[in-house]
Amino acid sequence: MHLANVVVPCFTLGHGCHLDWTAISAIGGWLGAAAALGAALVALHLAGSERKNRAAQQVAANKFAMLALWPRLHRAQGDLGKIGHVMDKDGDAPDAGARDELLLLIDSLEAELKAISALGVSLDTAPSERLAAAVSIAGYVARQARRIAAPENLKMLQMLWYAPAVRKSWADDARTAVAQLLTFASEAERVVNAVSGRVAPTYRDSK
């Protein structure tokens, strides 16, 4: 039976009108399948658009986080390098004045690490994890150094200071974290330069 005869076979029911209900049901099934396919295509299009929007938002979040991270990473690695240098010294334990200076460095470092951690959560998973690892090591060094900068008593200070293997392991951890923070700072600097048009100095001797 032709499609036209099925859809509009006659205007009034009678002996000359024979509806093919099987064919009509099949047409309804085809229309339903077409509607389902159309709905699926629309859903796929919307999902693709949503993924693109999320990707664009993540790129923007990465960029803003890197812009804010650059100066903080440099300050953090500077403080941490000085703390590691103190931990690596030989000789007598630091006096009260030296411990006060060390405490100021620790406070400054921990403030920067807190800000860096807050900014790091905006990054993609991989760089966020790398940054979190560097911050974790740096925070560990800061906590151990605080035991020397603000000891419970002089006996505890003497015990910690004159255990050079332990103290110098903290200095090694500080060097590890400094290297990681500097690597991240270099990545952040490239973003700053790309956005601002800044040309990084080469530090080569001018001739």
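From the N terminus on, the elements of this predicted model follow the order α-α-α-α-α-α, with six helices and zero strands in the protein. Helices (H or I, at least four residues) and strands (E, at least two) are DSSP runs, numbered from the N terminus. Residues are numbered from 1 along each chain as its sequence is written. In this predicted model, local features need pLDDT of at least 70, side-chain atom pairs count only at pLDDT 80 or more, and totals for chains, interfaces and linings use all residues, while side-chain values use heavy atoms, with hydrogens and water left out.

Of the 207 residues in the protein, 29% are buried, that is, under 20% relative accessible area (1.4 Å probe, protein chains only). The largest nonpolar core has 40 residues; such a core is a set of buried Ala, Val, Leu, Ile, Met, Phe, Trp, Tyr and Cys residues joined through side-chain atoms within 4.5 Å. Leu 73, Leu 80, Ile 83 and Met 87 touch the most other members of this core. At least two core residues come from each of α2 (21-87), α3 (96-120), α4, α5 (154-161) and α6. Among the residues that Ile 83 touches, not counting residues up to four places away in sequence, are Leu 102, Leu 105, Val 141 and Ala 145; contact means heavy atoms within 4.5 Å.

The axes of helix α4 (residues 125-149) and helix α6 (residues 164-196) come within 9 Å and cross at roughly 145°. Axes are lines fitted to C-alpha atoms, for helices over the stretch in contact, and angles run from 0 to 180 degrees between N-to-C directions. Residues making this contact include Ile 137 and Val 141 of α4, and Trp 170 and Phe 184 of α6.

Notes: Buried < 20%, exposed > 50% of the residue type's maximum accessible area, 1.4 Å probe, protein only.
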